[in-house]
Amino acid sequence: RNFGPDGSLNRTAVVAMTQDSVRIQATGIAVSSSGLVYVSGIAEPGLPTTSNAVQKSNGGGAKAFLAVLEPKDGSFDLKYLSYLGGLGVSRAYGLAVDDTGTAYVAGETSNEEVKPIANDFRTAGANGATPAGFVVKVNPFSGGDSSLVYSRLLSNGVLAIAADGAGNVYLLQEAARGLVATPGEIGYDKTLQSGEGLLVTKVES
């Protein structure tokens with residue numbers, strides 16, 4: 001649904017993005033400066049991925065996905081739809097879009113990997129712990145393999161994400177016992193001694 005500045009309903013549409021037998025859960029939505037609508041979430045096999053997708057096949061189990069929609073004639077055209085996931089389960093919990101229309105999808109994966117991987121800087125979670133977090137940068141205008149700018153694995157699951165004008169991303173993550181913060185951290189203790197906490201991480205472009 002699309003609402004105007006005064007709250008009036010401008011358009012509503014059902015997008016042909018799923019089949020009746022496919023379970024899908026949307027977890028994020030964002031709008032680019034050009035008016036394109038981005039949706040992220042979790043889906044089982046069977047999504048009608050587009051020809052320009054970086055990952056057309058699910059490979060089994062629930063996987064994260066990214067969709068890009070263009071408002072047109074009172075409805076929405078599907079411009080991009082791709083799975084984002086490895087061999088295990090991957091869940092997208094955060095979505096951000098920068099000024100260029102590049103998308104950033106973040107979440108967690110049970111298999112400690114997100115495929116396909118480009119410019120990755122970790123291969124496993126901290127101390128082998130699962131689930132691991134991930135952040136994926138996708139340029140849907142490139143198409144195919146070239147649309148994946150990077151896919152990076154993190155030690156902790158990601159709950160939310162934001163992007164700045166320079167292409168840097170900021171992640172809100174779960175923090176487990178034993179986490180050691182970087183110099184200059186603002187917390188009470190640089191090492192989390194017990195229980196769970198929250199972590200803010202910056203990933204530079």
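Two strands pair if DSSP finds at least two bridges between them. Strands here are DSSP runs of E with at least two residues, helices are runs of H or I with at least four, and both are numbered from the N terminus.

**View 1. Strands β8 and β9 lie side by side in antiparallel pairing.** Which residue of β9 is the bridge partner of valine 105? That partner is valine 136.

A word on the model: this is a predicted structure, in which local features need pLDDT of at least 70, side-chain atom pairs count only at pLDDT 80 or more, and totals for chains, interfaces and linings use all residues. Residues are numbered from 1 along each chain as its sequence is written, and side-chain values use heavy atoms, leaving out hydrogens and water.

**View 2. An open sheet of four strands runs in the order β7-β8-β9-β10.** The pairing in this sheet is antiparallel. At its edges sit β7 (90-97) and β10 (148-154), each pairing on one side only. From one strand to the next, the twist averages 20 degrees (axes are lines fitted to C-alpha atoms, for helices over the stretch in contact, with angles from 0 to 180 degrees between N-to-C directions).

**View 3. Alanine 53 sits in the loop between β4 (37-43) and β5 (63-72).** Alanine 53 counts as buried because its relative accessibility is 1%; buried means under 20% relative accessible area, exposed over 50% and partly exposed in between, with a 1.4 Å probe and protein chains only. Not counting residues up to four places away in sequence, alanine 53 touches Tyr80, Leu81, Ser82 and Gly144, where a contact means heavy atoms within 4.5 Å. Alanine 53 and serine 147 are 94 residues apart in sequence, with 7.8 Å from C-alpha to C-alpha.

**View 4. Serine 82 belongs to strand β6 (residues 75-84).** Is serine 82 buried or exposed? Serine 82 is buried, since its relative accessible area is 0%. Its side chain reaches the backbone nitrogen of valine 54 at 3.3 Å, a polar contact (a pair of N or O atoms within 3.5 Å; within protein, one must be able to donate a hydrogen and the other to accept it, and residues adjacent in sequence count only if both atoms are side-chain atoms). Beyond its neighbours within four places in sequence, serine 82 is in contact with several residues, including Thr49, Ala53, Gln55 and Phe65.
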